[in-house]
Amino acid sequence: MLPEYAPGARNAVRTCLNVRQGDRVIVIETRARQDIAEAIAEEVAAVGADLTRVVMDDVVERPAPEFPRVLAENIRKYRPTVSYYVGEGLPGELAFRQPMLKLLTDELRCRHGHMIGIQPRVMVQGMAADYEQIYRVTRKVYEVARQAERIEVTTALGTELTATFRKDWKWIPSDGRYWEQGQWGNLPEGETFTAPFRLEGLLVGEEMGDHFDGKYGLFETPVRLRIRDSRVVGVEMPGHPEIVREIEAYFGQHPESNRAGEFAIGTNIGLTEVIGNFLQDEKFPGVHVAFGDPYGQETGADWEAPSHVDVLASHADVVVDGRKIMEAGRFLI
């Protein structure tokens, strides 16, 4: 592997997924990210686990419109205990990744590291962070957030959001430790999230996930999303009507695609800047909101959608039931 990838690969294999001798590991990778997948594979081999690799581009035409049945059957025959997805996302490929996640984590109960959007810079920054520290901070924020009835979020860019929550919809601490079968998370890590019951206000986003960050990185002009009763009712980005149309089309692809499905607080305090890669930037201390699927199998939310796109509001002030826990991206707890 490239030597600069070694700390991140060690975290991904040993610290985050606790891979050990006797595990059967599958790495599903894209051709464009084979250098990072190779680092993961070498670390898996170093701990003595069994390994198989699948190059996504070799088994399905991209953008992938589905998760191929023959690939699913081959994975079932291998019976992995640990899995990784290492690759970039293209428009529409949730149709590949959602069934893949369901197979790996729900059916086969793998410990799964989901590295969608991984890039070299992320491998040497967010993946190389102190994951003991990330674990402690995430757990502390989770203990506060999981009791919340109301969270207010403001940013210098103009975000003004109020979120309320249901007690029977769970907060999930994505603390970077997936040591039990069926657990999974996006790597690099550091956040706690749930599905909001209701979201109201204005979200001014510096960046969006899915395929948007790969195409635009940090927006030249932040997008302004007006939200009423958890739905996006207005999209504004002065000077960029083509991006507005693209975002509106994304939110319009399904009746639930414009519905707030995730409310998350980033907890990776080792990060010092946002870089235009959502996989890492969503972990930066601040808030991100996703519209579309609410990860109901984890949160308990009783609806679903075929899309999921995150929007970042970093350096936020966060007030939980009247108690300020973050100021301009700095934790006060």
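Which helix gives the most to the lining of the largest pocket? In this predicted model, in which local features need pLDDT of at least 70, side-chain atom pairs count only at pLDDT 80 or more, and totals for chains, interfaces and linings use all residues, the contribution comes from helix H5 (residues 94-107), with 8 residues. Residues are numbered from 1 along each chain as its sequence is written, and side-chain values use heavy atoms, with hydrogens and water left out.

The largest pocket has a volume of about 920 Å³. A pocket is an open set of points, on a 1 Å grid over the protein atoms alone, where a 1.4 Å probe fits, with protein on both sides within 12 Å along at least five of seven lines; lining residues have an atom within 4 Å of a point. The volume is the space filled by probe spheres set on the points, which are joined across faces, edges and corners. Lining the largest pocket are 47 residues, and Leu94, Leu101, His114, Tyr295 and His308 lie nearest its centre. By class, this lining holds 16 nonpolar, 16 polar and 15 charged residues; Ala, Val, Leu, Ile, Met, Phe, Trp, Tyr, Cys and Pro count as nonpolar, Asp, Glu, Lys and Arg as charged, and the others, Gly among them, as polar. Helices (H or I, at least four residues) and strands (E, at least two) are DSSP runs, numbered from the N terminus.

Helix H5 also contains threonine 105. Threonine 105 has a relative accessible area of 3% and is therefore buried (buried means under 20% relative accessible area, exposed over 50%, and partly exposed in between, with a 1.4 Å probe and protein chains only). The side chain of threonine 105 reaches the backbone oxygen of leucine 101 at 2.6 Å.

The second largest pocket has a volume of about 450 Å³. Its lining comprises 19 residues, and Ile172, Tyr178, Gln183, Trp184 and Glu298 are the closest to its centre. At least two lining residues come from each of H5, helix H7 (131-145), strand E7 (172-174) and helix H11 (296-299), and E7 supplies the largest share, 3 residues. The lining of the second largest pocket has 6 nonpolar, 5 polar and 8 charged residues.

Helix H7 includes tyrosine 135, which is partly exposed, with a relative accessible area of 24%. The charged end of arginine 177 sits over the ring of tyrosine 135, 3.8 Å from its centre (for this, NZ of Lys or CZ of Arg must be within 6 Å of the ring centre and within 35 degrees of the ring normal). The C-alpha atoms of tyrosine 135 and proline 173 are separated by 8.9 Å, although the two residues are 38 residues apart along the chain.

Aromatic pairs number 11 in the structure; rings of Phe, Tyr and Trp (its six-membered ring) pair if their centres lie within 6.5 Å, and planes under 30 degrees apart count as stacked, over 60 as edge-to-face and the rest as tilted. Phenylalanine 212 and tyrosine 250 form an edge-to-face pair, 5.7 Å centre to centre and with 65° between the planes. This pair links distant parts of the chain, from phenylalanine 212 in helix H8 (residues 212-216) to tyrosine 250 in helix H9 (residues 241-251), 38 residues apart. Tyrosine 250 and phenylalanine 251 have ring centres 6.4 Å apart and planes at 85°, so this pair is edge-to-face. Tyrosine 250 counts as buried because its relative accessibility is 8%, and phenylalanine 251 counts as buried at 6%. Phe212, Tyr250, Phe251 and Phe291 form one aromatic cluster.

Note on methods. A polar contact is a pair of N or O atoms within 3.5 Å; within protein, one must be able to donate a hydrogen and the other to accept it, and residues adjacent in sequence count only if both atoms are side-chain atoms.
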